[in-house]
There are 4 protein chains.
Amino acid sequence: MKNNAIILLSCPDQKGIVATVSNFLFKHNGNIVDSNQYTDKYDNMFFMRVEWELSQFKLSINETKTQFQKIADKFNMKWELNLSKQKFKTAIFVSQWTHCLYEVLLKKEANELPIDIDLIISNHKSIKSIAQQFKIDFFYFPISSSTKEEIEKEEIQLLKKRHINLILLARYMQIISENFISLYPNKIINIHHSFLPAFVGAKPYHQAYERGVKIIGATSHYATSNLDQGPIIEQDIIRVSHKDDIASLQNKGKFLEKKVFIRAIELHTENRILIYKNKTIIFD
Amino acid sequence: MKNNAIILLSCPDQKGIVATVSNFLFKHNGNIVDSNQYTDKYDNMFFMRVEWELSQFKLSINETKTQFQKIADKFNMKWELNLSKQKFKTAIFVSQWTHCLYEVLLKKEANELPIDIDLIISNHKSIKSIAQQFKIDFFYFPISSSTKEEIEKEEIQLLKKRHINLILLARYMQIISENFISLYPNKIINIHHSFLPAFVGAKPYHQAYERGVKIIGATSHYATSNLDQGPIIEQDIIRVSHKDDIASLQNKGKFLEKKVFIRAIELHTENRILIYKNKTIIFD
Amino acid sequence: MKNNAIILLSCPDQKGIVATVSNFLFKHNGNIVDSNQYTDKYDNMFFMRVEWELSQFKLSINETKTQFQKIADKFNMKWELNLSKQKFKTAIFVSQWTHCLYEVLLKKEANELPIDIDLIISNHKSIKSIAQQFKIDFFYFPISSSTKEEIEKEEIQLLKKRHINLILLARYMQIISENFISLYPNKIINIHHSFLPAFVGAKPYHQAYERGVKIIGATSHYATSNLDQGPIIEQDIIRVSHKDDIASLQNKGKFLEKKVFIRAIELHTENRILIYKNKTIIFD
Amino acid sequence: MKNNAIILLSCPDQKGIVATVSNFLFKHNGNIVDSNQYTDKYDNMFFMRVEWELSQFKLSINETKTQFQKIADKFNMKWELNLSKQKFKTAIFVSQWTHCLYEVLLKKEANELPIDIDLIISNHKSIKSIAQQFKIDFFYFPISSSTKEEIEKEEIQLLKKRHINLILLARYMQIISENFISLYPNKIINIHHSFLPAFVGAKPYHQAYERGVKIIGATSHYATSNLDQGPIIEQDIIRVSHKDDIASLQNKGKFLEKKVFIRAIELHTENRILIYKNKTIIFD
C-alpha cells in the first residue's frame, strides 16, 4: 500500500478554493488520487477531502503543513492532514456483549482495519480471555455509580499514557461522563442498537418490541455529551415481524450492529468524515 | 378468481383450537387453502387466520356464522368472517400531495386492489380534476380549525350514507378528531413519511434533515386517537446522505410512501391483519 | 433554479488535470458547485464531473467550448459540456405494460424530471388515451417481424425530425435492431425486470419463479446491440418467497421497475454518468 | 427450552389433511405451538410444518412415528419427524477464507445455533489453530485433482464414523464429487458469493466487477450434483458502485456471506425447510 496524504477542510464558500488547493498540490508534484467536495447551500459552507500520493511529492509533511496553513488562513479554513499509513491507536470498551468486539478483532487480524488495538477495557472479567487470545492488553474496571468518577480518572490516565486517539464503544452499555467525552471530541465511536432517533437510551430492542415496529436498526455515531444524540455516521436496518420476540430481535440485530459499527470505523479511519452542526459529511 | 371465506380469530391459547376449527371446515366439505397461526407466549394468546374455498362448501355464509359462533363461545374467541370477493367500500382523503392518491387510483384501475373507490375528499380544489379523470365522486371540504367540527360531521354523514368501511389517508395532512376516529376503529389507514416512532408529527423530512440520519423511512399504520401512535402495518426505508437536502428527501421518500401505503392496503383488504395491544399480527 | 454548466470528461491519468480544470474555471469567475473524480487504477484512466454556476461566469458557452478544447487536446480528453437547464427531448416507447409510463408522466407533470416528453410510441393502440390525457403526441406502430425494418425506418425519421436525444424504453418488450441502437449510443435507457445478469431475455419473472430465488430485481441500463448486456445504470431488489406465484412476482416487481427506471433517468438527465468499457461511472 | 416435535410433510392436496393431522395431535394431548401450510396451485401439492410440545404429549416418539405412518399412508405423504432438542452433528469444510467459519464457531459458542460441531476439515493447515482454539477436532486433507477420489473416500468414512448429518461448506472452494453429494442429499449447505443464478462458478466477485453491477449478493443453497444449481435457501445483497474494486467487493461481500450462511443454517436446523422441484418451501 502506497502512503497517501489526506486533507479534510471546511470554510465559508467562495470562488477559487478547489483551484488553489489543486494548484498547491500540482506545483509540488502531488498526484491527486481522490478529491471530493460538498457545499452546504443553506449556510454557504464548503467542505473538501483531497487525497494525493506522497511518493513523488516534493514537500515533507512538516513543510506541507506550514505551507498549507497559508492557504487555510486566506480562506479561513478549519483543516487537518492525515496519512493513510498512520494507524489509529485504538482502545476498545466493551461489556459482556462480545459480538462487536469479536468483529473488530477478527477484521483487524485479517488486516482489514487500519488500526492498532492497544488495549481492551471492560467491566466484565470474562473479557480477559478474549483479549489474551488476541494478545491485547486487558484492563478490568468494575465501574459502578459510586466508583465511576474515580475509575474514569484512571481510564483517562491510561488512555493518555498510551496516546490513544480512537475509542470504540463496542456495546459498552455504560454512560460515559461529559468530562471524559470532552477530552476525545469526535474520537469516540459508539454503536447503538436502534435506528436513531427512535429508541434512544436503554433497551432499544425491548422498546421496539413494545411499539411493534416492522423494521429494527442500528446506528453508529460519535459520542457527545447528549446520550445517543451525537453525529450519525452509519445506519442500517433489517425487517422483523410479530413473530420476533425480544430474543430474536437481539439475535437479528447483532448482524446489523457489527456491520454498521465496522462501516463507521472504516469511514473514520480512512479519514472520510467531516462534522458540521452535529451532522456528518461523509466522502465515501 | 374463486370466492373464498376467511376467518380471523383470537382467543386465550389452549389445546384443540386448530383441530376444532379444521374439523368444522372439513365436516362441511371446506378445502382449506391457507391456514396460519401465532401464539403470543408472553400473554398466552392464540391468533389464527384460515381461508377456505366456498365452491363446494356445504354451508351458507349465514349458517357458517351461526355454527362458528358456537366454537367461538367455547374458546372465548373474538372473530370475524370475510369473503375474498367482497370489495372494500373505500373513501380516500388527500391534501395537495397527490403521489399516494395516484398510486392507489392506478393500482385500482389495473385491478390490483380489491377495493371500490366510492369517493375522494380533499381540502384542495385542485384534486377535483384527478377525481373526474378516474370517474370518482369528489367532495371539497375547506377544513380549518374553526370549521373542523362542523365539517367532520358532514364528512361522517357522507361516509355513513355511502356505507364506507375503509378510509385511506393518502397524505391528508390534517389531524382527524378522536370522535371521528372512534367511529372507524382499525378501518382508517394512514401513511406517515418517517420510520416511526422516529419523527412523529409535522414535517418529518425536515426533522430527518436536522438530525442528519443516513436512512429515511415511511410507515403505514391504523389511525388511533394518539397521533402517529397507532398499530404499525408496514414500514420501509431508503438510504440518504449529507448531499440530500429537504427537497431530495421528499422526492426519495415519495417512492417509499407509495410502496408502503399500497402494501398496507393489500394486507388489510386481503384480511391478513389482526390487532392486539396496539400491534399488528400479519399473516402474509 | 440557476443555470449551471456541467463538463463530463475522461482521459489517461496524469498530474495536473484537476488543477488545470479548476484554474480554467476560476480564471473566468466560475463558482464550482460540485466536482467529483474517479481514477481507474487498473487502466490508469481518469474521469471527472465538474459543475459550475454560469451567473457570473465570464465566457459564453461557445467561448467555453473553444477554450476548453485546448485543455482537452493537451490531456487527450474525451469530454462533453451540458447545461442544467437544457431539457432532454424525450421519446417514450411502451407496450401494454403501463406502470413505468405512468410513473414517468406523473413525475414529469410534478416537475421532478428535467425532460420534455415529445412523443409516445407504442405497438398498442390502448396507449393513445393515456397520451391524450397528458397532452403528448402519440404514434401507433403495429410492429411485427415482417414490418419491423420498415417501421423502424419511420420511427427513426420521426425521432430525427423531432430532434429527440433521449429514448426511454418503458417496458417496450420489443427488440430494437442494431442499426437503430447505433444511432443513439448511450441515449436509449431500458428497464429490465430482473437483477441482471441473472435472467436475461424474455419472461424474467417466469425464470425467477422456476429457479426459486429469494430475491427479485430490476435493472436499468443503456441499450446496446447485445440484448440486456449494456452498461448498468441502476439496480434494486425486493425479497420474495415460495408463496409468490408469477403474478405476485410481477406485482411486486412493478414498484422496483418504476423506482429503478426513474433513478436511471434522473442520473442521466442530471449528466452524472460516464461510460467506460461497458460500465457506468456515476457521480451522484 | 422445551422439547418440541416437528413434522414436515408433503402430499397431493385434498380436503381433510389439516383436520386429520391436528386431530391426531389433539387426541394425544399435544399442544400445537406452530403450524404452517402451503399449497402449490400449479401442481396441486400440499406442504405442512407442524410443531407441538412434548411435555404433556401421551405418545412416545416411536409410538408417534408408528401411528403417524398410518395417516401418511392414507394421504400418500412424504414426511419426517424431528425434535427441537436434537442437535445436528455437524462437519465444517473450509478453505483459507475463514470469515464464515468464525461466524459459525462464535454463534455456536454463544448458544445461538442448535448444532454440535464435530469436526473441521480443510485443505489448509493454517485452519488447525482456529480449530484448537475452539476445541474442535481438525483434519487436514491436502486435496488436489489427482488425490481427490482417494481423499473423498477418507472423508466419507470419517463423516460416517462420526454420524455426521449436516455438512457446512463455509467457503470451501473445492468442487465435491457427485458421489459424495449423493450420500448427503439436502444435508450439505453451501454459501456462494453471488446472487445466484448470476455469476455461477469461480470468482463471482471478479465476474461482478467485470459486468459492472450496482448490487452484489450472496446465496446459501443445498449442494447438488449441478454446481451452484441446488435449491436456494437464502439470499441477500448490498449496493456497490464503480468505486469498488475487486478487493472492496470481497470485503463488502463478507458480511453478506456470513449473514446469509447463518440464516440458512438456522432455517435448516430449526426444521423449517421442505424441498420440492429443486426449490425450497420455508416456513419461517
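## Basis of the report

The structure is a predicted model, and what is said below should be read with that in view.

## Contact between chains A and B

Chain A brings 24 residues to the contact with chain B, and chain B likewise brings 24 residues. On the side of chain A that touches chain B, the elements giving two or more residues are β11 (232–239) and β13 (279–282) of chain A.

## Relation of the two copies

Chain A is superposed on chain B by a rotation of 180 degrees with 0.0 Å of shift along the axis, at an RMSD of 0.0 Å. The two copies are therefore related as by a two-fold rotation axis. Within chain A, the C-alpha nearest that axis belongs to A:Ala198, and it lies 2.3 Å from the axis.

## Helix α7 of chain C

Helix α7 of chain C spans residues 204–211, and in it C:Pro204, C:Tyr205, C:Ala208 and C:Tyr209 are buried. When α7(C) is viewed down its axis, the buried residues fall within an arc of 140 degrees, so they line one face of the helix. The cover over the buried residues of α7(C) includes β10 (215–222) and α8 (246–269) of chain C.

Just after α7(C) comes C:Gly212, which takes a positive phi of about 75 degrees.

## Strand β10 of chain D

In chain D, strand β10 (residues 215–222) is mostly covered, with eight of its eight residues buried. From β10(D), D:Ile215, D:Gly217, D:Thr219 and D:His221 point one way, whereas D:Ile216, D:Ala218, D:Ser220 and D:Tyr222 point the other way, and all of these are buried.

Pairing links β10(D) to two strands of chain D, taken here in turn. With strand β9 (residues 188–192) of chain D, β10(D) pairs in the antiparallel sense over four bridges, and D:His192 has D:Thr219 of β10(D) as its bridge partner. With strand β11 (residues 232–239) of chain D, β10(D) pairs in the antiparallel sense over seven bridges, and there the bridge partner of D:His221 is D:Ile232 in β11(D).

Note on methods: Residues are numbered from 1 along each chain as its sequence is written. Chains are lettered from A and ligands numbered from 1 in the order in which they are written. This is a predicted model: local features need pLDDT of at least 70, side-chain atom pairs count only at pLDDT 80 or more; totals for chains, interfaces and linings use all residues. Two residues are in contact if their C-beta atoms, placed from the backbone, lie within 7 Å. A residue is buried if 20 or more other C-beta atoms lie within 10 Å of its own, exposed if 12 or fewer, and partly exposed in between; C-beta atoms are placed from the backbone. The arc is that of the directions from the helix axis to the C-beta atoms. Copies are superposed by least squares on the C-alpha atoms of residues with pLDDT of at least 70 in both. Two strands pair if DSSP finds at least two bridges between them.
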